[in-house]
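Please read them with the structure open.

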Amino acid sequence: NYSDIPISELKQQALSSGNIEAYQELSIVYLDLPQDNFLDIALEMANRHKHPQAYYDVYYQLLKSTKRKGTTISLDSCDEITRKLALKYLNTAFEQGHEQAIQEFGNLYSEDILLKKDSFLGQKSLRRYDSLIKVD
C-alpha cells in the first residue's frame with residue numbers, strides 16, 4: 001500500500017524509476033492541494049518517462065480558473081503561451097491513446113473551445129473514445 005509511504009519516497013520512486021503506481025498515488029495525494037502544485041511532478045514524469053497519464057496531467061494542471069458557465073477550470077483563461085503548451089501535452093496524450101485526452105479533444109473541437117470548430121474531428125475523436133470504453 002503506497003499510502004503508508006512518505007511523499008518524498010513516492011516522488012523518488014515515480015520520478016527516478018518511472019514507477020507508475022507511485023505516480024498514481026502521488027496524484028491522489030495532490031488532489032487536496034491547489035490546482036497547479038502537481039505540475040512539476042507531472043512534467044517530469046511526462047518528459048522523462050513518457051507516461052500517457054502524465055501528459056494529460058500536465059494539460060490539466062495548466063488549466064486556469066474560468067468564469068465560463070458549467071466548468072471551474074478551462075483553457076479559455078490561459079494566456080496564449082500556456083494554452084499552446086497545454087494543447088501540446090494534450091495532443092501527446094491523445095496520440096498515445098489516452099482515453100481522457102481523446103474525449104477532451106473531441107469536446108474541444110465539438111464545442112469550439114479555442115480550437116477551430118470542426119464537428120468532423122470532434123465526432124471522430126468522441127467515437128474513438130466511445131470505442132475505447134465499450135466493454136464487450
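1. Helices α1 and α3 are roughly parallel to each other, because their angle falls under the cut-off of 35 degrees. The model is a predicted one, and in it the two helices pack at an angle of about 30°. Their axes lie 8 Å apart. Helix α1 covers residues 7-17, and α3 covers residues 39-49.

2. On the α1 side, the contact is made by Lys 11, Ala 14, Leu 15, Ser 16 and Ser 17. The α3 side supplies Ile 41, Glu 44, Met 45, Arg 48 and His 49. By class, the residues of this α1 with α3 contact comprise four nonpolar, three polar and three charged.

3. The mean pLDDT is 82, with 72% of residues at 70 or more. Helix α3 has the highest confidence, at a mean of 96, whereas helix α7 (residues 119-133) has the lowest, at 62. Where pLDDT is low, predicted coordinates should not be read in detail.

4. The second largest pocket has a volume of about 230 Å³. Its lining consists of Ser 27, Tyr 30, Leu 31, Leu 33, Pro 34, Gln 35, Phe 38, Gln 53, Asp 57, Tyr 60 and Gln 61.

5. Which helix gives the most to the lining of the second largest pocket? Helix α4 (residues 52-62) does, with four residues. The lining as a whole divides into six nonpolar, four polar and one charged residue. Asp 57 is among the lining residues.

Definitions and conventions. Residues numbered from 1 in each chain as written. Predicted model: local features only at pLDDT ≥ 70, side-chain atom pairs only at ≥ 80, totals over all residues. Heavy atoms only, no water. pLDDT = per-residue confidence, 0-100. Axes fitted to C-alpha atoms, helices over the stretch in contact; angles between N-to-C directions. Parallel < 35°, antiparallel > 145°, perpendicular 65-115°, else oblique. Contact = heavy atoms within 4.5 Å. Nonpolar A, V, L, I, M, F, W, Y, C, P; charged D, E, K, R; others polar. 1 Å grid on protein atoms, 1.4 Å probe; cavity = no way out; pocket = protein on both sides within 12 Å on 5 of 7 lines; lining within 4 Å. Points joined across faces, edges and corners; volume = space filled by probe spheres on them.
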